[in-house]
Amino acid sequence: MTTMTARERILRAIHHQEADRIPMLDYPWSGTLARWYREGLPAGANWQEYFGFDRVVEIGFDNSPRYEYKVLESNERYRIETSNWGQTKKVFNEMDSTPEVLDCYYNTPERWEEAKARMWADLDSRIPFDLFKQNYDTWRANGEFIRLGFWFGFDVTHAHMVGTETLLMAMYDDPEWVKDMFDTYLSIDIAIADRLWEAGYRFDAVNWPDDMGYKGSPFFSTDMYRDLLKPFHKRAVDWAHNHGCVVELHSCGFIQPLVPDLVEIGVDCLNPLEVKAGMDPVYLKKTFGDKLAFRGGINAQIWDQPELVRTEMERLIPMLKEGGGYIFASDHSIPNSVSFENMKMISELAHKLGTY
């Protein structure tokens, strides 16, 4: 079979068709990439090209309330800053560390009304027209896979705006407020996407991150998902399909109970299949593999252990790639425990096992 472009290869996988090989899409942490350059990745080299991973064009935009960014405190260990979503965070200077949320300004229905007005203000300034004008023809000429990123749902609401505890309580006590937040984020996404589309620009996929689970369980019941969040997921899927785009949903944690609903509304591809949280790639492929494509499912916690990750890849990839429908990746992203030599082994094995 002749070598395909990234666009051809990814679309075939998502449409459950075999290609020249399985697509390979992943994201190293910044500390991981720095480590690879120290350990042998040639200076200036693109890691995706070096390891033979597929490249995609990722288009995002800012639908935040554009709260003023300020650094309130700074020292050698951390800085305390306000975000465009109105959160105050302690951001640690160590590479690949996780910020600590200290406060959320938009954490009441009254302040939400203020945020909503700011989010709809000056919509034209949020649209990346210049990026498309400068690059779109080149992307298409190079066979790039163009993926438009929406930003809405449970994840952005709890993790970036109102806070986890506030949102989970509101899902019980004030569901109409929750629906209004989900609706506003998505409506702005669609308004921006419509304007890009009307200008003549086309996308291959729409994707969005909406982490709905933690270890062993979703954050909420299936009934609550169906009542509060599923209608907005379906609206996003419908927009994408009506415009000829495939849909990929990123959702960390254990969300297996929600997968039948994701299939029902038409999600085309699910990632990252976080096995360390309890997701079972074998069960998912056998149960939903004719309707849903998958990306991920290779436990990132063992990528620093060559024999373990080799065994896992040899167990899973031949089964997951059968009949198309699989994109190789870790079950989240590539941590800085993964050496340059390990990554070379992993990428070479993925190419070997992923060839049709």
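Student: Is Arg235 buried, exposed or partly exposed in this model?

Tutor: Start with the cut-offs: buried means under 20% relative accessible area, exposed over 50%, and partly exposed in between (1.4 Å probe, protein chains only). Arg235 has 31%, so Arg235 is partly exposed. Keep in mind that this is a predicted model, where local features need pLDDT of at least 70, side-chain atom pairs count only at pLDDT 80 or more, and totals for chains, interfaces and linings use all residues. Residues are numbered from 1 along each chain as its sequence is written, and side-chain values use heavy atoms, with hydrogens and water left out.

Student: Which residue forms a salt bridge with Arg235?

Tutor: A salt bridge is a side-chain nitrogen of Lys or Arg within 4 Å of a carboxyl oxygen of Asp or Glu. For Arg235 the partner is Asp183, with the closest N and O atoms 2.9 Å apart. Asp183 sits in helix α8 and Arg235 in helix α9 (residues 222-242), so the pair ties together parts 52 residues apart in sequence. Helices here are DSSP runs (H or I, at least four residues), strands too (E, at least two), numbered from the N terminus.

Student: How many salt bridges does the rule count?

Tutor: The count comes to 29. One of them joins Arg7 and Asp204 at 2.7 Å, N to O.

Student: And how do I read the sheet?

Tutor: Strands of a sheet pair through backbone hydrogen bonds, either parallel or antiparallel. To count as a pair, two strands need at least two bridges found by DSSP. Here 7 strands form an open sheet, ordered β1-β6-β7-β10-β11-β12-β13, with parallel pairing. Its edge strands are β1 (56-59) and β13 (326-327), each pairing on one side only.
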